[in-house]
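Here's a model to explore together. Have a look at the sequence and the 3D view, and then we'll walk through one part of it.

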Amino acid sequence: QKAEWEKLVHAETITADGKHLELAANIGTPKDLEGVIKNGGEGVGLYRTEFLYMDASDFPSEEDQFNAYKAVLEGMAGKPVVVRTMDIGGDKELPYLKLPHEMNPFLGYRAIRISLAEDGMFRTQLRALLRASAYGNLRIMFPMIATLQDFRSAKAIFDEEKAKLIAEGVNVSDDIQVGIMIEIPAAAVLADRFAKEVDFFSIGTNDLIQYTMAADRMNERVSYLYQPYNPSILRLIKNVIDAAHAEGKWAGMCGEMAGDQTAVPLLMGLGLDEFSMSATSILRTRSLMKRLDTTKMAELAEKAVTECDTAEEVVALVEEYTAE
Ligand code: PEP
Ligand code: MG
């Protein structure tokens with residue numbers, strides 16, 4: 001099996017019926033690129049920039065950030081790199097950013113909510129990204145977007161910093177896609193409205209599942225409710241993908257579910273365009289996709305979404321449709 005996977009390192013991801021899908025990797029630091037290249041990643045689908053902040057004793061400077069982003073863009077040599085603006089809060093703390101104790105940190109002050117309030121730190125990050133954009137194929141996404149106003153505010157700050165840099169004579173790519181993570185049910189439900197304004201969606205199932213099922217992703221006692229295959233989750237994902245496509249935009253996924261071997265047939269059937277996962281899952285997933293036919297998986301997904309009551313029924317259906 002390992003030998004079969006090895007052969008796929010330099011191959012494109014092509015399904016049994018000849019459709020190309022994009023298999024990208026999630027990374028936390030520029031050092032992770034080595035694994036992405038070794039495993040044949042077709043891009044970076046999620047660069048979690050909060051590690052730049054968490055591994056330091058103070059806010060990283062614009063220069064430090066610029067160097068990290070440039071290294072990743074150059075390392076990927078023109079392949080797409082989706083950089084997520086910092087997602088601090090929830091379970092991720094910053095010792096030098098004093099946040100008040102909260103009853104429900106996952107429902108509190110985190111990610112884009114901090115960026116919009118601490119606007120100086122957000123502008124520094126965006127400037128570093130804009131300057132790095134000259135060195136590769138940069139895409140930017142905002143985490144934890146709940147409302148269109150969140151997106152519009154973040155995008156307006158991005159546009160302002162971009163205009164300033166251009167006025168200063170700095171070389172900035174004029175082709176930076178700006179998208180959002182879909183990880184809050186409100187955004188998943190309203191995806192048709194978001195799709196008119198964003199360049200892409202990346203579905204963050206790690207959070208989307210916990211918020212939809214009201215089951216903390218870290219809490220063992222309610223882990224039985226953390227159900228990626230629950231038909232409610234599949235319907236939300238379908239809504240997001242369909243909304244993107246209706247506006248000619250692409251939809252990816254960067255939560256754990258994107259590399260899950262039971263979920264992949266369903267996601268292929270729902271029409272997901274980009275799958276971003278830990279680098280070590282890429283070759284296994286490429287090998288699986290090679291064996292699956294998208295038309296047949298579309299039939300599977302349609303049945304799962306319209307006829308299943310439970311996650312168990314969905315899993316049984318996937319087994320039926322993927323049996324050799
Ligand atoms: C997600 O929520 O699915 C996601 C990719 O983001 P994180 O796991 O960093 O919250
Ligand atoms: Mg998340």
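UniProt, in an unreviewed entry, puts the feature "binding site" at Glu183 and Asp207; positions from there follow the numbering used here, feature names are shortened, and annotations may be inferred rather than shown by experiment. These two are spread over 25 residues of sequence, yet they cluster in space, with a largest C-alpha distance of 5.3 Å.

Bear in mind that this is a predicted model: local features need pLDDT of at least 70, side-chain atom pairs count only at pLDDT 80 or more, and totals for chains, interfaces and linings use all residues. Residues are numbered from 1 along each chain as its sequence is written, while chains are lettered from A and ligands numbered from 1 in the order in which they are written.

Let's start with Glu183. You'll find Glu183 in the loop between strand S6 (177-182) and helix H8 (185-189) (helices, H or I with at least four residues, and strands, E with at least two, are DSSP runs numbered from the N terminus). Why does Glu183 count as buried? Because 26 other C-beta atoms lie within 10 Å, and 20 or more make a residue buried, 12 or fewer exposed, and anything in between partly exposed, with C-beta atoms placed from the backbone.

Now for Asp207, which sits in helix H10. Asp207 is buried too, because it has 23 other C-beta atoms within 10 Å.

Both also turn up around ligand 1, among them Glu183 and Asp207 in a shell that includes Arg48 and Cys254 (a residue is near a molecule if its C-beta atom, placed from the backbone, lies within 6 Å of it). H10 gives the most to this shell, with three residues.
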